[in-house]
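Hello,

Here is the structure I promised to pass on. My notes on it follow below.

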Amino acid sequence: MRPLREEDLILYYYGEATEPEEIEGQLESSSELREQYAALCLILDAVEEIPIPERSPAYGSRIWHRIAPHIEGQGRSVWSWQWLRPSRQWALAATLILLLVTAFLVGRWVPGPEAPQTAGLSTHGRDRILLMTVADHLERSEMLLLELVNTQENGDVDLSVERQLASELGGQSRLYRQAAQQAGKSDLAVVLAQLETVLVELSNGPQTVLSADLGELRVRLDEGDVLFKVRVLGSRIRQEVETGQRADEDQPAAREI
Amino acid sequence: MVRMEGNEFEWVAQARAGDPEAFRQIVESHSRKIFKTAFRLTGTEENADDVVQETFLRAYRNLHRFDARAQFGTWLYRIAINCSMDLMRKESRRAARETTEDKVEIADLATDDPRPDRLAASSELGRAVSAVLKELSPTERTAFVLRHFEGYSSVEIGRMLGIRSGATRNAVFRAVRKLRSALEPMVEAQGGGES
């Protein structure tokens with residue numbers, strides 16, 4: 001018969017002792033052990049005293065009202081992806097813009113008589129619209145990736161919405177990249193190719209991933225400086241648009257002088 | 001008040017199909033029970049409320065992962081425990097950087113006014129217990145609460161926490177030792193007053 005330890009008594013108290021009969025026998029034969037066990041019971045019984053605040057029957061309803069907006073937004077907190085979700089109208093507009101952008105990129109970087117003209121728009125005006133479209137694409141992609149790398153969830157993360165968006169953005173990136181390559185604009189094509197790789201990988205990845213896998217995505221983005229390049233390129237394009245706009249505004253004044 | 005038992009299977013199926021109204025029924029039925037466990041684990045009403053909300057958000061996002069053959073309540077309960085553990089770990093890291101008021105509180109309760117009639121008040125003892133529980137590590141506290149209050153076995157707790165049952169038992173032993181050393185003087189004084 002081995003001497004009982006405190007651990008044995010704790011397991012006995014909770015009904016998890018492997019040999020309860022042996023413990024009972026020792027408790028019967030030893031007053032010291034009985035005192036020890038009584039002291040343990042006193043403490044553990046006292047722990048029952050922990051007061052729990054009451055919650056009214058309407059508590060569940062209150063909780064629902066707090067989480068309902070997030071539920072409608074697929075449980076994503078802080079900001080919703082709703083505005084980024086594709087609609088038929090958006091898809092149609094995107095197709096038209098895409099055609100314009102492709103024509104613009106070819107016309108901008110391949111000099112020659114084939115440079116397209118867009119009816120009803122000045123060359124500068126058309127360029128600005130198209131440049132802003134590329135900048136918007138970069139910004140949307142950047143926001144998608146930022147949201148992913150900053151996800152704080154533990155365990156499994158549902159990426160169904162992000163996958164859909166990545167698929168769409170990846171397709172656009174491919175078209176922009178091809179146009180940039182044809183135009184010989186290699187710096188833009190390289191960044192768009194990197195972005196496309198990440199987006200396509202994301203869109204073809206699993207719908208649910210472990211939060212640890214998002215850490216890998218973070219590392220990949222860091223290694224290629226993808227987010228940094230996307231951000232810099234987007235800023236550069238926007239700057240270019242603003243500079244062009246200012247130049248246009250200054251031109252008539254110069255003529256007047 | 002909405003009754004869940006008979007309709008749970010249906011509500012879960014509808015919620016999985018994207019019906020928010022069905023999920024609302026689930027939320028309304030389980031919130032109070034989850035609050036109790038969350039409060040025992042996290043120690044404050046604010047934290048428990050946060051855990052309840054986060055539990056349902058996580059559950060909604062992962063509804064497609066729920067195995068319909070399992071008990072939905074048990075699945076939800078496990079999510080609540082994970083949420084509580086996450087919150088406790090966060091709190092522990094923060095507490096490690098700050099001076100804990102709880103230690104002062106326990107000391108005050110044990111020495112300032114040791115009259116048995118004061119200690120006999122269950123709210124005083126309850127506060128002391130809460131304070132000691134807050135001093136436990138997240139694993140110790142969770143293992144203890146699940147064992148002591150919820151009645152789960154070491155094997156079941158081990159499965160929930162992703163640790164071996166031996167490690168669960170050790171966590172419970174450590175928790176009990178800490179509770180004894182903090183509460184014994186108070187409980188003995190209470191017993192002395194009664195005799």
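Predicted model: local features only at pLDDT ≥ 70, side-chain atom pairs only at ≥ 80, totals over all residues.

Residues are numbered from 1 along each chain as its sequence is written, while chains are lettered from A and ligands numbered from 1 in the order in which they are written.

Back to that pair: H1 of chain B covers residues 8-16 and H2 of chain B residues 20-42, and they pack at about 135° with axes 7 Å apart. (Helices, H or I, of at least four residues and strands, E, of at least two are DSSP runs, numbered from the N terminus; axes are lines fitted to C-alpha atoms, for helices over the stretch in contact, and angles run from 0 to 180 degrees between N-to-C directions.) On the H1(B) side the contact uses B:Trp11, B:Val12, B:Gln14 and B:Ala15, and on the H2(B) side B:Ala22, B:Phe23, B:Gln25 and B:Ile26 (contact: C-beta atoms, placed from the backbone, within 7 Å).

In chain A there are 10 helices and 2 strands, in the order α-α-α-α-α-α-β-α-α-β-α-α from the N terminus. Of contacts there between residues at least 6 apart in sequence, 73% join residues at least 24 apart. Helix H8 of chain A, residues 186-204, has 19 residues.

Best wishes

Note on methods. Expected span 1.5 Å × (residues − 1). Contact = placed C-beta atoms within 7 Å.
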